[in-house]
Amino acid sequence: MKFSKVCTLAGGVAIAASTLLIVPTESAQAATCNEANKFCGWKDAGYSNTRLIFDSSPAGSRSIFASQQDQMSSAKNFTNNKWCGVDQEAFAPDHTVISFGPGAQVPDLSVYGGYVNDNIDYFDVVTSGGTCPHSF
Amino acid sequence: MSAFFLKIYSYRTAGLVPLFVLMALSCGGCDAGANATPPGGHGESGAAPLVGWDEVTAGSGVRELAIALKDEKCLRKHGFRLQGPSKELREFPFLSHASPHIPGLYDLTPNEASTWGYSLAIPPLASEADPEYGRAMSKRRQALFGTIQFGDTQRTVKILVGKLVVKVSKEGCLAEARAQIVGSMADYLKVTYLPQSIRAYITAAWSSPPVRDSLSRYLACLGATRKQLHVHYPDDMIRRVSASRPQRESHPTATELQLAGLDARCRERSGIYDAYTDAFQEAAAQWLADSRVLAERVLALSRAADVRARRVIGNYSSIDHASTG
């Protein structure tokens with residue numbers, strides 16, 4: 001865990017009026033994501049290897065990986081909300097590195113640069129027209 | 001929407017008026033503007049002056065509301081409805097992105113802090129109108145809802161942002177709504193995902209020596225408050241203090257006003273906002289230079305989409321808050 005993560009968690013950070021949900025990681029290999037109202041993220045590109053997140057947290061929530069932060073490499077969003085992927089690091093405040101709108105399917109984050117791939121620590125969920133809390 | 005919230009929004013947006021007044025004022029040009037640029041057309045792209053990265057990357061609450069209204073109309077035909085958008089977006093769509101906010105640092109002034117605390121710094125559009133709607137369905141009905149909303153998720157349209165592939169379904173109510181407002185699904189992907197690459201420069205800006213120096217001065221200025229609230233960056237103050245608010249719409253407490261005042265004074269004395277803005281602008285200028293052609297296209301598409309969106313919202317002037325919000 002990075003330095004700033006320890007500090008932030010110790011500080012008890014929470015977005016306004018939010019609920020904080022810790023999402024269990026699935027050990028199943030290459031689990032699918034064909035359900036409506038789910039956001040899914042995988043450890044490897046091509047929606048493969050461990051499915052790290054399988055969640056339908058409502059807007060206003062924070063969805064946190066139970067473990068394995070900084071490992072997600074592909075994602076699908078079949079919810080009607082926007083999922084804001086936030087990076088926590090030592091030399092910058094928490095900030096959204098990419099947001100997934102409703103219906104988005106991103107098969108390989110690794111080609112987007114190191115600041116996104118294997119770098120998302122949690123998601124802030126907002127309505128599709130909402131603004132990510134750690135972004136513009 | 002409380003009177004207090006109206007006041008703070010008006011303050012931040014220099015006397016912005018409610019939606020119905022905005023619509024009345026702007027509808028004269030809506031039809032002409034919308035017709036001048038057909039969906040997916042190139043009518044404005046060549047002539048659109050490029051103002052800056054901030055305009056290219058700005059979102060649009062008007063656009064999102066229009067898409068939501070179209071989407072909801074389609075869903076209702078199939079016996080469903082949309083669990084969002086929030087009441088705030090319905091009533092004040094132009095406010096969701098109204099504040100000029102450089103990514104990574106909020107521009108909190110002493111005047112704003114002493115009057116409004118962190119009221120304006122808290123994103124207003126966090127919650128759904130009916131968050132339990134989708135979750136309360138049976139699995140079978142959820143699947144049907146997904147098919148109506150997203151269509152066949154294997155039939156997609158894609159865009160390359162650099163080398164990043166982003167796909168969305170080209171079928172379903174949502175795709176239809178997006179295409180109607182933005183022009184096409186390909187254009188929707190451009191205006192939504194191309195601007196996101198500017199976020200790559202946030203860390204670089206925070207790492208620059210002038211910003212680190214200013215940050216040190218800012219943290220020292222906070223004194224004991226820094227440790228008490230576990231503050232490492234200026235916007236940590238906003239998150240720590242606003243997290244204890246019972247409601248975003250409520251008035252700030254005396255404690256919040258006091259802390260926000262200290263925060264704003266320290267920001268001003270340390271020069272943190274100017275240092276960060278300079279560092280980010282330098283990086284953003286490079287981004288704009290590298291992405292100029294695409295950025296101009298995004299700006300033209302966004303403007304045309306907003307014109308269409310205003311016309312759509314105008315047609316929904318009798319928005320039924322009771323049944324949808």
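Modeller: Two residues are in contact if their C-beta atoms, placed from the backbone, lie within 7 Å. Apply that to chain B. Among its contacts between residues at least 6 apart in sequence, 78% join residues at least 24 apart.

Some ground rules come next. The model is predicted, so local features need pLDDT of at least 70 and side-chain atom pairs count only at pLDDT 80 or more, while totals for chains, interfaces and linings use all residues. Residues are numbered from 1 along each chain as its sequence is written, and chains are lettered from A and ligands numbered from 1 in the order in which they are written.

Chain B has 17 helices and 2 strands. Helices (H or I, at least four residues) and strands (E, at least two) are DSSP runs, numbered from the N terminus. Of the 325 residues of chain B, 46% count as buried. Buried has a cut-off: 20 or more other C-beta atoms lie within 10 Å of the residue's own, again with C-beta atoms placed from the backbone. Exposed is 12 or fewer, and partly exposed is in between.

The expected span is 1.5 Å times one less than the number of residues.

Which residues of α11(B) are buried? They are B:V211, B:S214, B:Y218 and B:L222. Looking down the axis of α11(B), these buried residues fall within an arc of 80°, so they line one face of the helix. The arc is that of the directions from the helix axis to the C-beta atoms. An α-helix has 3.6 residues a turn, so residues three or four places apart point the same way. On the other side of α11(B), B:P209, B:S216 and B:A220 are exposed.

What do the buried residues of α11(B) pack against? Their partners in chain B are α10 (202-207), α12 (224-228), α13 (234-242), α14 (254-270) and α15 (272-290). After α11(B) comes B:G223, and its phi is positive, near 65°.

Now set another helix of chain B beside it. Helix α4, residues 61-77, has 17 residues and reaches 25 Å from first C-alpha to last, close to the 24 Å expected at 1.5 Å a residue. α4(B) is mostly covered, with 14 of its 17 residues buried. Following α4(B) is B:G79, with a positive phi near 85°.

Next, a helix pair. Two packed helices are described by the angle between their axes and the distance between the axes. Helix α7 (139-150) and helix α8 (172-182) of chain B pack at about 20°, with their axes 2 Å apart. Axes are lines fitted to C-alpha atoms, for helices over the stretch in contact, and angles run from 0 to 180 degrees between N-to-C directions. α7(B) and α8(B) are therefore roughly parallel to each other, a label for angles under 35 degrees. From α7(B), the contact uses B:I148, B:Q149 and B:F150; from α8(B), it uses B:G172, B:C173 and B:L174. By class, this contact has 4 nonpolar, 2 polar and no charged residues. Nonpolar covers Ala, Val, Leu, Ile, Met, Phe, Trp, Tyr, Cys and Pro; charged covers Asp, Glu, Lys and Arg; the others, Gly among them, are polar.

Finally, chain A. A:N37 sits in the loop between β1 (19-23) and β2 (39-44) of chain A. It is buried, because it has 20 C-beta neighbours inside 10 Å. Leaving aside neighbours within four places in sequence, A:N37 is in contact with A:S56, A:F78, A:T79, B:G134, B:R135 and B:Q142.

Backbone angles deserve a look too. Most residues other than glycine have a negative phi, and most peptide bonds are trans. A:Y47 has a positive phi, near 55°. This residue lies in the loop between β2 and β3 (48-55) of chain A and is buried, with 22 other C-beta atoms within 10 Å. A:D118 also has a positive phi near 55°. A:D118 is in the loop between β8 (105-106) and β9 (122-127) of chain A. It is partly exposed, with 15 other C-beta atoms within 10 Å.

Key. Angles under 35 degrees count as roughly parallel, over 145 as roughly antiparallel, 65 to 115 as roughly perpendicular and the rest as oblique.
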